[in-house]
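Dear colleague,

Please find the structure below, with the sequence alongside. My notes on what was found in it follow directly after.

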Amino acid sequence: MTATDSDRESELHAAGLDGQNRTALGRLLGTGGIGYAEEGSDGVMRATVRIPEDQLVWEPSILVFPHGGEIELTLINDDKNTHCAVLPNNGDPKIIWMVNHSKGTARLNLGGPGTYYYGSTTGNDEGRGLTAALVFGGEVPDSAKLDRPPQPRP
Amino acid sequence: MTDYVDAGEAVPHKTLSAVKGQAPQVSNVDYERIQNAASEPHNWITYYGTYDAQRHSRLDQINKDTVKRLSPAWVFQAGSTGLHSGSSTYSFEASPLVVDGVMFVSGPEGKVWAIDGKTGEELWRYKHASPYDVSLCCGNVNRGVAVGHGKVYMYTLNAHLIALDAETGDLVWDVTNGDVRAGESGSVAPLIVKDKVIVGSAGGEFGVRGHLDAFDAQTGERQWRCYTVPKPGEPGSETWPDDGEAWQRGGANCWITPSYDPELELLFQGTGNPAPDFDGGVREGDNLYTDSTVAIDVNTGEIRWHYQFTPHDLWDYDSTMENLLFDAPDGRKLLAHADKNGYFFVLDRTNGELVRVFPFVDRITWGDISPDGKVTPKVYPDEEGVPVHFWPGPAGGKEWTHMAYSPNTGLIYVPVQEVGATATRRRREFKESIPYWGAGVAVDLDDHYGFVAAIDPLTGEEKWRWRNEYPMCASTLTTAGGLVFQGTPTGEFVALDEQTGEKLWSFQCGSGHHSSPMSYSIDGRQYIAVPTGWGGWVEGFLPGLLGAAAGDALFVFALPEN
């Protein structure tokens, strides 16, 4: 898994949008880093997400997967408070309770392409910054595509 | 630093609820049984109650005399967690099904439940995860499930057809049937016919090419696909520009469940608007099979006949709404269709021949249709940047919400919307997944009203109307108790006398109605079920209530047990 850096990070910092109790009360959603899952030989796509101390953010807050399928997240709470995660999953969302300094896993099945959000559904963790994205690339199977020539995209 | 505390593995959310995870085994629903659904009025085993889409219950315990004592028996709350697509436009639009006391119903956000029909207890749940960013023209909605072959079938927002085990809610199979990158989605209630599950496309506002599909109910293998816009060289292709690409984005989606005649083995599918909705200059011609009823051979997927209600549509007048099947006193097999364009059509369902057409709304300015079916457009957006006002607006004199038939009166009870709109043509290029309307559209915020019309389909006469301050945006239900049930946009659920239209009972559900009520019975007690929750394409059918309270509760009513 890798993270990306950009001028945007500096802009968000200068505007006081990338932390707790700076310009606003919480951290603006989607201002964390970007990470990429790695696909194992077993076809499972894996990534690790952490909650850094006092930041109330999932880091990276945007995880990119090459396509839909089975994923396995390692979730680490490095914060000195208790949080949780409710994550999208076909069949039923999954929940994991994460006390201070804890580590767990979530195995999920999600279709792609498209974006899903998850968050810590305790208090207003979600509003303070603990809302993050799982982004799936790829295309639908050929059998699901329309019988027509390729069309322009934005 | 010490080792991390082991937080374990994430578990399904429902394990932290009272949901049982198991429904009692119900008797098998198959093709034979659905054909005879009217003979088991304690159940409601298919979307419209019966294949003919009459939406009539033969139960009569709740009737003109007893309805005044009708009270809530239980309420089920859908609820939601976290961010989901269309989070401001969700609506509880479904028609529940009931088999042997177990209710199967879908809600917004990919949810399906099995519920004890007597107590409201949640037996199992399944939630299909759909992306937050899926293209949805008209909200986060689902109109219902199909039950049969031991399974529950749902078509999801991201255009997957899924089959669940009816006893446990566990996934049996999941087939991707639409291209979300092209703007396709799914909202229709599937229909079981023979060994097939039938579903249709949604995405007409994004320039997709409409289709209806049949899948093997056991395996999920596609058996046929019927495109409702022909390719060059196919019958109907002459109604599209010769040298253009318009057919590739032509629309004609099939987002409402077809009715079905087992003798003719024909599905009667309504099709959606052409794309772009309001800019006809890029798609000269009649644009078949948009805005039509198409009769499709259920065995092969071939179109046997069609009838187009609004050729070369310039007003967004989908004809997806139901085709209600009934027989004339002389035995002629007929089909009734109340179109968005404000006209009520009666066709011979064996061949598509027009039997009768007449207006069922008060205000029609877009054009007119003569008694012999000749369509004359009068007011339409054809000049770039020039606003044009017309009635009915793009949600139509009646939208997808369904009418119902009473075999007792021979009348059809139609939920009517009187809302106009202004469209200003604004040509734009086509790009996949981007809305492709070809106009700016503003639906009237005032000067609107609605009514339930009791219409004789054999004469065109309106026998009575029950007028309401706001348009009617929910399906009607008739019962053998002589009642017509109707939900209003302001939350009232009312029972009307089918003979006179007199209001006999009402209950305030707390949020507007945009769904399809149904009836069933358990142990001799009759229930009326209605999902509530104002939402969906409110900006299209009643923007004057865009600020009304949302909701997602299923109300079930019955007479007091004592």
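B:Pro276 sits in the loop between strand S18 (266–270) and strand S19 (292–297) of chain B, and the peptide bond that joins B:Ala275 to B:Pro276 is cis, with omega at about -5°. Please keep in mind throughout that this is a predicted model. A cis bond also leads from B:Trp391 to B:Pro392, where omega is near -20°, and B:Pro392 is found in the loop between strand S27 (387–390) and strand S28 (404–406) of chain B. These bonds deserve mention because most peptide bonds are trans.

Most residues other than glycine have a negative phi, and the next residues depart from that pattern. B:Ala252, in the loop between S16 and strand S17 (259–261) of chain B, has a positive phi near 60°, and with a relative accessible area of 0% it is buried. In chain A, A:His101 has a positive phi of about 55° although it is not a glycine; it lies in the loop between S7 and strand S8 (102–110) of chain A. Is A:His101 buried or exposed? A:His101 counts as buried because its relative accessibility is 14%, and the cut-off for that class is under 20%.

Turning to the interface, the contact takes 52 residues from chain B and 50 residues from chain A, and the two chains bury about 4,100 Å² between them, with 55% of that area on carbon and sulfur atoms. Of the area that chain B buries against chain A, 17% is supplied by B:Tyr4, B:Arg181 and B:Glu432, more than by any other three residues.

B:Glu432 also takes part in a salt bridge with A:Arg148, in which the closest N and O atoms are 3.0 Å apart; across the interface of chain B and chain A there are five salt bridges. Between chain B and chain A, 31 residue pairs are in polar contact, counting pairs with both residues at pLDDT 80 or more.

The elements that give two or more residues to the side of chain B that touches chain A are strands S1 (5–9), S2 (11–12), S8 (122–127) and S16 (222–227) of chain B, and the largest share, five residues, comes from S1(B). By residue class, that side of chain B divides into 20 nonpolar, 15 polar and 17 charged residues.

Strand pairing also crosses between the chains: two bridges join strand S7 (residues 94–98) of chain A to S2(B), and these strands run antiparallel. Here A:Lys94 stands opposite B:Pro12 in S2(B).

With best regards

Methods: Residues numbered from 1 in each chain as written. Chains lettered and ligands numbered in written order. Predicted model: local features only at pLDDT ≥ 70, side-chain atom pairs only at ≥ 80, totals over all residues. Heavy atoms only, no water. Contact = heavy atoms within 4.5 Å. Buried area = accessible area lost by both parts, 1.4 Å probe. Salt bridge = Lys/Arg side-chain N within 4 Å of Asp/Glu carboxyl O. Polar contact = N/O pair within 3.5 Å; in protein donor to acceptor, adjacent residues only side chain to side chain. Helix = DSSP H or I, 4+ residues; strand = E, 2+ residues; numbered from the N terminus. Nonpolar A, V, L, I, M, F, W, Y, C, P; charged D, E, K, R; others polar. Pairing = 2+ DSSP bridges. Buried < 20%, exposed > 50% of the residue type's maximum accessible area, 1.4 Å probe, protein only.
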